[in-house]
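I set out to record, entry by entry, what I looked up in this structure. The notes follow the order in which I turned from one part to the next.

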Amino acid sequence: MATTAKPQPSMYENVKIQFEKAANVMGLDDTVKKILSSTNNEIIVNFPVKMDNGSVEVFTGYRVQHNNVLGPYKGGLRYHPTVDIDAARALATWMTWKTSLAGLPYGGGKGGIQLDPKKYSQGELERITRRFTYALGDNIGPEHDIPAPDVNTNAQMMAWIADTYMSTKSPAERSKNQHVVTGKPVGSGGLEGRDRATGFGVVVTLESWAKLRNTSLEGKKYIVQGFGNVGYWAAHFMNKNGAILVGVQDATGTIYNPEGIDPEALLRFQADNGTISGFKNTQDYNSAEFFGIECDIIIPAALGNQITAENAESVKAKVIAEGANGPTDTEGEEILLAKGIEIIPDILCNSGGVIGSYFEWLQNRNGEIWTMDDVIIKLRKKMEDAFNRVVITGGQYKTDWRTAAYIQALVRIEMAYKQRGIFP
């Protein structure tokens, strides 16, 4: 009799399992645990948009606001066919932990639209983005809920959101609302260095890991899944550390060269050809076997649930730096930890993006202009501090780094609830 494969846990199920584990290890207050186990608000909007050919399509957009005890909701908007309420819940919850761990005055939110942006023209994407912003209305705001770029969204889209939102305010109030989104182009109130903040942060955590293990990134072989904003900038800064990129995978293919791949040349090739496949001096590689490539470091920087019970056994790397949100599911993680593979968890590893967003929000709020040097120095300090706190907490509780990162985040939230109490 044929056996049916066990269904893979959803991202939200993974979030809940990780949260339960950390809450139990630290002895989280029962009331606080109850509050954090559910989201504050879940917004679903259906809105019509006129297409280039004159027809009208109705899109579904989501915004989940998980918790705001530490400050306004903060988190990205993604445009992807996998966007649904379950994914938005998971990502919003992770944002609560991520902003708390980074020591930011924010809570967690996330959202997006269920669509494949490749199927729409630039004009259509502008109208979709502006109409989505209008449909969300006062559910977002510079002191309430502050979106940012995520998968398949970019600085241009954030500029459209800011412009649309500001246009709904009276003329005297418009400039006060520029910080309704972060990740904007530099000319529209964006932050120098925000584009590279997530990828840079990933590499800072890897530098901290190497220092902890009395080694360096020089000569270390690594592979990157996803060659978008995070994957490219992570490879750029790994290259500066003397590490060797040997494999890259994205939605267009998987390439391999044990002698090394130049990330700058690959970026140019990708821009010209719309794919990474066929890049010079590389061979196409079996996509299903990507994580089994012989290397020291894996940087998953694409989507969630990529390293699972199916492929975790094949991993040969010493460390996994989670550039994406939730790339390792709970079953895959158990296998990796049993093999002695270290995981720098997403809420620590990729928090450079939200830290950069915080700097942009402050810059807009205070009418300042920060330089790239200001940003990089402050970002490095925040990432190194967070890494060191997670390592210390892991040692205190004799637990893995993900659980330690959750505990660090939860301690701060628990303290806020205990000091403020529950209204009324």
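**Entry 1: two asparagines**

I began with Asn-305, which is buried, as its relative accessible area is 17%. The model is a predicted one, and I read every value below with that in mind. I located Asn-305 in the loop that links strand 10 (297-300) and strand 11. Its phi is near 55°, a positive value in a residue other than glycine. I noted this because most residues other than glycine have a negative phi.

I then turned to Asn-281, whose phi is near 60°, again positive in a residue other than glycine. Asn-281 sits in the loop between helix 8 (263-273) and strand 9. Is Asn-281 buried or exposed? I found Asn-281 exposed, because its relative accessible area is 64% and the cut-off for exposed is over 50%.

I next traced an open sheet of 7 strands, in the order 9-8-7-6-10-11-12, with mixed pairing. Which strands stand at its edges? They are strand 9 (283-284) and strand 12 (342-344); each has a single partner strand, so one side of each is left without a neighbour in the sheet.

I followed strand 12 to its pairing with strand 11 (residues 319-321), which is parallel and runs over 3 bridges. Within this pairing, I found Ala-321 bridged to Ile-344 of strand 12.

Further along the sheet, I checked strand 6 (residues 221-225) and strand 7, which run parallel and are joined by 5 bridges. Ile-223 stands opposite Gly-247 of strand 7. Strand 7 (residues 244-250) is mostly covered, with 6 of its 7 residues buried.

Strand 3 (residues 73-79) and strand 4 (residues 107-113) pair in the parallel sense, over 5 bridges. Here I recorded Tyr-79, whose bridge partner in strand 4 is Ile-113.

How do helix 4 and helix 5 pack, and at what angle? Helix 4 (residues 122-136) packs with helix 5 (residues 155-167) at about 45°, their axes being 9 Å apart. That angle makes helix 4 oblique to helix 5. The crossing of helix 4 past helix 5 is right-handed. Among the residues that make the contact are Leu-125, Thr-129 and Tyr-134 of helix 4, and Met-157, Trp-160 and Ile-161 of helix 5. I noted that the residues of this contact divide into 6 nonpolar, 5 polar and 3 charged.

**Entry 2: a leucine and a cis bond**

I placed Leu-362 in helix 11 (residues 352-366). Its relative accessibility is 18%, so Leu-362 counts as buried, the cut-off being under 20%. The C-alpha atoms of Leu-362 and Leu-191 are separated by 9.9 Å, while the two residues are 171 residues apart along the chain.

Last, I examined the peptide bond from Phe-423 to Pro-424, which is cis, with omega near 5°. Pro-424 belongs to the segment after helix 13 (401-420).

Note on methods
Residues numbered from 1 in each chain as written. Predicted model: local features only at pLDDT ≥ 70, side-chain atom pairs only at ≥ 80, totals over all residues. Heavy atoms only, no water. Axes fitted to C-alpha atoms, helices over the stretch in contact; angles between N-to-C directions. Helix = DSSP H or I, 4+ residues; strand = E, 2+ residues; numbered from the N terminus. Parallel < 35°, antiparallel > 145°, perpendicular 65-115°, else oblique. Left-handed = near helix turned anticlockwise from the far one by under 90°. Contact = heavy atoms within 4.5 Å. Nonpolar A, V, L, I, M, F, W, Y, C, P; charged D, E, K, R; others polar. Pairing = 2+ DSSP bridges. Buried < 20%, exposed > 50% of the residue type's maximum accessible area, 1.4 Å probe, protein only.
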